[in-house]
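Here is a two-chain model to look over together. Keep the viewer open and follow along as the text moves from one chain to the other.

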Amino acid sequence: MLEKALKGSKAYWIWIFALLGIITLGFGFYLKQLDFGLGITGMNRDVTWGFYIAQFTFLVGVAASAVMLVIPYYLHNYKAFGKITIMGEFLAISSVIMCILFIIADLGQPMRLLNVLLYPTPHSMLFWDMIVLSGYLVINLVVGWNVLDAERNSVPPAKWLKPLIYLSVPWAISIHTVTAFLYCGLPGRGFWLTAVLAPRFLASAFAGGPAFLIILCLLVRKVTNFDPGKEQIQTLAKVVVYGSCANMFFFLCEVFVAMYSQIPEHMDHLQYLFFGLHGHGVLVPWMWTAMVLIVSGIILLLIPAARQNESVLAVACVFTFVGIWIDKGMGMVAGGFVPNPLHEVNEYFPTFPEVMIAVAVYATGFLVLTMLYKVFVGVKEEVAG
Amino acid sequence: MENNRRSFLKFAGVSVLGLGSLSLLDGLTSDDVIASSGQTSAEATYKKTANALTAKRWGMVIDTKKLSGKICRKMEKACHQIHNVPHHENKKHEIKWIWEAHYKHVFPGKQDEFLEERLKELPIPVLCNHCANPPCVQACPTQATFQREDGIVLMDFHRCIGCRFCMAACPYGSRSFNFRDPREAIAHENEKFPTRMKGVVEKCNFCAERLAVGKQPACVEASKGALVFGDLADPNSEVRQLLKENYAIRRKQNLGSNPSVYYLV
């Protein structure tokens, strides 16, 4: 089937080469980072994780959100999703690949990455994260590819896939839970030290991931002959609004606990993110933008007439996706590190090389996604024809 | 059990400190010393000489009444010189093993509006707490940071992958990361101690390399008596005597990491 990714229109190849160009450019910056060290990023002694780890966290969520298609289709026999479940699984594959690349980009000594396997350490959450992420990648590759292949041959998917599909449901939950455990098990970081972190991660993932998938569906309909379907898109929109409301609910629970208890270790980080602390507040405008975008997205999606208008829906999905991206990809990580353990405020903001490396990782993800979707649409067209 | 037995035997082997007669175990003791010096990789400790200082759980007592800015800077200089700690102009890339901070930063949970005048502006040294229950060791995915039997938390600079999980885990900000090549920023290299490379984490090692040759930690030597170093497990040690007679506090005691550095205030 892979050969389908190698045949395409002029526009397809322009897009592919544009992505390759961005990847090459970003790789140049990465070589600079390898040579100089992580000092070319905005990270510092106090904010030791930044843009890379934040993107990793955000994308684990996008990957996990494939389960929002798998559950209705395979567990509730919601037939409409049969048409697009593979799109979710392929999105998960490219997201996990980006996650792995972001982890590698963040390592001070990437050549020693395999030390994690060489000295397996079950008491480290990073060890488990490696296991669940690689497992999730394999499950989605095997399931997505084989189901598509069966569809191409007009036969039902092999029976042995069923247990694997069922396994993918708790596995999807596990990847984002373990990712939350990286943060919420650390004793001295009040911002993350909350049991609601994993649930909130999942809720924001189930909003942001499907929102992105809706945008992809609309794009696929526009640039190919395959239509993911109006009903499918509308059902996804309801998933987005449920996820987004749950995310805001968990967020407000967090805000209440921190602000009402007034325990400084928990309150100061929120204070820093939304109002600034001791005169420092580089993320304040970002956080408020995120809140406005997420809330506007919810309002647009809650109104049936607005949701059913696909142009408005597209806007609502962009709002939701970008809002959650800022909240998780900018605020969540840096916010946990400011103020530092000595209660000093040293801020973080990504540098240009850092952003370029991140853009290149995203380009790699889009390259994988484009090729996978090309195969997917190719099969759909073939079967239809 | 094994750990307890081994550390007990080591403890018993410290005949230089004259810790009673445990003649029954003498035979086993020498075996144990050989076994520990033959350990490799992350288990490796500095090769001990006959006059090595040993303990069951190393700890430190810092007497803030004997502190001054001058002493603090002397300690910092001694430590950083001996351990080839680089001095980067850019604060973002700063590496520090021991440094001075004010009370409100050392003990952020114990901020007090009506704090004793003396403490308000007093420079207080902060360093790795060598916690008995270290969150950094729990977080490290490669065991590059590990706890020795005598309680010292060490780094294997050759195993560290530079993920900085330990830095997120440390509740005291005691760890530094080499954001760039440290070797360019070392004024006078001490050839007896390894330099590090970019991309790895480092921190105070309680001068494990000095203890192995019978010397007290460099900061303790430079402290003019403000810092006392010893065995927290030995009720007769000087540190235990100090803790018996004075009220001491530790940084963020409520977190359960059980720091081995005490402050007399």
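This is a predicted model: local features need pLDDT of at least 70, side-chain atom pairs count only at pLDDT 80 or more; totals for chains, interfaces and linings use all residues.

Residues are numbered from 1 along each chain as its sequence is written, with chains lettered from A and ligands numbered from 1 in the order in which they are written.

**Chain B and its sheet**

Chain B holds ten helices and ten strands. Those elements are DSSP runs numbered from the N terminus, with helices (H or I) of at least four residues and strands (E) of at least two. Of its 265 residues, 43% count as buried. Buried here means that 20 or more other C-beta atoms lie within 10 Å of the residue's own; 12 or fewer makes it exposed, anything in between partly exposed, and the C-beta atoms are placed from the backbone. If you take the contacts in chain B with a separation of 6 or more, 66% of them link residues 24 or more positions apart. A contact means that the two C-beta atoms, placed from the backbone, lie within 7 Å.

Now find the open sheet of chain B, where four strands line up as E8-E1-E10-E9 with mixed pairing. Strands E8 (227-231) and E9 of chain B are the edges, each pairing on one side only. Pairing requires that DSSP finds at least two bridges between the strands. As background, strands of a sheet pair through backbone hydrogen bonds, either parallel or antiparallel.

How do E1(B) and E10(B) run, parallel or antiparallel? Strand E1 (residues 58-63) and strand E10 (residues 261-264) of chain B are parallel, joined by four bridges, and Val61(B) sits opposite Tyr262(B) in E10(B). On the other hand, strand E9 (residues 248-249) of chain B pairs with E10(B) in the antiparallel sense over two bridges. There, Ala248(B) faces Leu264(B) in E10(B). Lying across E1, E8, E9 and E10 of chain B is helix H10 (residues 238-245), which runs at about 115° to E8(B).

Two packed helices are described by the angle between their axes and the distance between the axes. The axes are lines fitted to C-alpha atoms, for helices over the stretch in contact, and the angles run from 0 to 180 degrees between N-to-C directions.

| Helix pair | Angle | Axis distance |
|---|---|---|
| H2(A) and H7(A) | about 165° | 8 Å |
| H6(A) and H7(A) | roughly 150° | within 9 Å |

Helix H2 (residues 51-64) and helix H7 (residues 161-184) of chain A pack at about 165°, so H2(A) is roughly antiparallel to H7(A). On this scale, under 35 degrees is roughly parallel, over 145 roughly antiparallel, 65 to 115 roughly perpendicular, and the rest oblique. Their contact involves residues including Thr57(A) and Val60(A) of H2(A), and Ile173(A) and His176(A) of H7(A). By class, the contact of H2(A) with H7(A) has six nonpolar, four polar and no charged residues. Nonpolar covers Ala, Val, Leu, Ile, Met, Phe, Trp, Tyr, Cys and Pro, charged covers Asp, Glu, Lys and Arg, and the others, Gly among them, are polar.

For H6(A) and H7(A), the axes cross at roughly 150°, which means that H6(A) is also roughly antiparallel to H7(A). Their contact has 20 nonpolar, six polar and one charged residues.

Over in helix H11 (residues 284-302) of chain A you'll find Ile294(A). Ile294(A) counts as buried because it has 26 C-beta neighbours inside 10 Å. Leaving aside neighbours within four places in sequence, its contacts are Ser244(A), Met248(A), Thr320(A), Gly323(A) and Ile324(A).

**Where the chains meet**

Between the chains, 31 residues of chain A are in contact with 40 residues of chain B. Helix H5 (115-118) and helix H6 (125-152) of chain A each supply at least two residues on the chain A side. That side has 13 nonpolar, 13 polar and five charged residues.

Most residues other than glycine have a negative phi, and most peptide bonds are trans. The peptide bond from Val338(A) to Pro339(A) is cis, with omega near 0°. Pro339(A) sits in the loop between helix H13 (310-337) and helix H14 (352-384) of chain A.

Asn84(B), not a glycine, has a positive phi of about 55°, and lies in the loop between helix H3 (69-82) and strand E2 (98-101) of chain B. Arg164(B) likewise has a positive phi, near 65°, and counts as buried because it has 23 C-beta neighbours inside 10 Å.
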